[in-house]
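These are my notebook entries from a first look through this model. I wrote them in the order in which I looked things up.

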Amino acid sequence: MSFRLTLANLYLRRVVRPALAKLADPEAARRNMERSAALIPGVPREARYVADSVPGPGGAIPVEWVSCGRAARRRIVLYLHGGAYVMGSPKTHRSITAMLARLTGMRVMVPDYRLAPEHPAPAAVEDCLAAYAILLAQGYDARDIAVAGESAGGGLVFALVLLAQEKGYPLPACLVALSPWVDLAHTGDSIGENAACEAMLPAERVDEVAAFYIGGGNPRDPLISPLYGTYADPPPTFITVGEPEILRDDARRMAERLRAAGGEVVLHGIPDVPHAWQFFGPHLPEARASMEEAAAFIRVRLDRARDPGAPRRLKNGTT
């Protein structure tokens, strides 16, 4: 564990987790996340952000296009930000999306999907699918699209696949899920087992926060909790999670479900790291290493989507 990771864990445990445990409403959570994101160092200076909007089922969806230097013309990453479905935006997640753009050499599209409780499920996944459909309509081949996300955004990655299957869209070339939240019924053992060692998320608040997004729905509805979905030939998937996280078992069980459906899954469980540690940007060695692995996975899988005989530079398995 690096010294910087030790400091990050200490900061999260002493400052962020108590604050999250006390936040009274989504608006306060949104303001807190905006302030916290502004303090994260290390966003690449060459990163370029272009504001745009695309049509969606509830009206125009703001999106941000992120690039670093000259980006590949025909390849793209659709990034779905986290924030427990109640907070977050393209702006709050630039520490991740700019790194991803630089490391993949691709543009990254980040939709500012509708948030709960104003817009409960399935508003978020419907907006994300609308963004994916726009990429297809703009001429991107599904074989040249990767879909990635962290935390709630990691759950949206899999919910998008389920909704795309239902609507008959071609599936993306690969998926990347960082600390995904895929079971809003919270049936995983790690919710209780890791409640004390989780540095960031207060386990006592997860049911309350999930209820904002669930609304009047069923927490085991696959578009809410994609762990319970049925997958047909899922795309190659990279999943990573911290071993101390309360969402550890979400990641493990999601990997098992995809493998049972015939999918190729790379699952990395990392010791000592907090929830969605990639958020800390390139100055945290563990965050940089994780993003480099995710970016390499995307590049290799997009190569193989176009050329099945392309070299397999990554091994399938669990570490």
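**Entry 1, a strand unit.** Before looking at the crossover I wrote down what its handedness means: a crossover is right-handed if, with the strands pointing away from the viewer, the path from the first strand over the helix to the second runs clockwise. With that in hand I noted that β5, α5 and β6 make a right-handed β-α-β unit, and I keep in mind throughout that this is a predicted model.

I then asked which strands pair with β5 and in what sense. On one side I found strand β3 (residues 76–80), which pairs with β5 in the parallel sense over 5 bridges, and there tyrosine 79 stands opposite alanine 148 of β5. Strand β6 (residues 174–178) also pairs with β5 in the parallel sense over 5 bridges, and in that pairing alanine 146 stands opposite cysteine 174 of β6.

Next I checked how far β5 (residues 145–150) is covered, and I found 6 of its 6 residues buried. Ile145, Val147 and Gly149 point one way from the strand, while Ala146, Ala148 and Glu150 point the other way, and all of them are buried.

How many disulfides does the structure hold? I found 0. For cysteine 68 I looked up the closest cysteine sulfur, which belongs to cysteine 174 and lies 19 Å away, so the two are too far apart for a bond. Cysteine 128 is likewise in no disulfide, and its nearest cysteine sulfur, again that of cysteine 174, is 16 Å away.

I tested the length of helix α8 (residues 248–260) against what its 13 residues should give: at 1.5 Å a residue they should span 18 Å, and the end C-alpha atoms are 19 Å apart, which agrees. In this helix I listed Arg248, Asp249, Asp250, Ala251, Met254, Ala255 and Leu258 as buried. What do the buried residues of α8 pack against? I found that they pack against α5 (152–167), α6 (190–193), β7 (237–242) and β8 (265–270). Just after the helix I noted glycine 262, which takes a positive phi of about 90°.

Arginine 13 is found in helix α1 (residues 3–22), and at 37% relative accessibility it counts as partly exposed. Leaving out residues up to four places away in sequence, I found that arginine 13 touches Pro18, Ala196, Cys197, Glu198 and Ala199. Arginine 13 and methionine 200 are 187 residues apart in sequence, yet their C-alpha atoms are 6.1 Å apart in space.

Arginine 35 is found in helix α2 (residues 26–38), and at 51% relative accessibility it counts as exposed, because the cut-off is over 50%. Arginine 35 and threonine 92 are 57 residues apart in sequence and 8.8 Å apart in space, C-alpha to C-alpha.

Finally I looked up the confidence values, and found a mean pLDDT of 94 for the protein chain, with 97% of its residues reaching 70 or more. Over residues 314–319, however, the pLDDT is below 50, and beyond near neighbours in sequence this stretch has 17 contacts in the model.

Methods: Residues numbered from 1 in each chain as written. Predicted model: local features only at pLDDT ≥ 70, side-chain atom pairs only at ≥ 80, totals over all residues. Heavy atoms only, no water. Helix = DSSP H or I, 4+ residues; strand = E, 2+ residues; numbered from the N terminus. Buried < 20%, exposed > 50% of the residue type's maximum accessible area, 1.4 Å probe, protein only. Contact = heavy atoms within 4.5 Å. pLDDT = per-residue confidence, 0-100. Expected span 1.5 Å × (residues − 1). Disulfide = S-S within 2.5 Å. Pairing = 2+ DSSP bridges.
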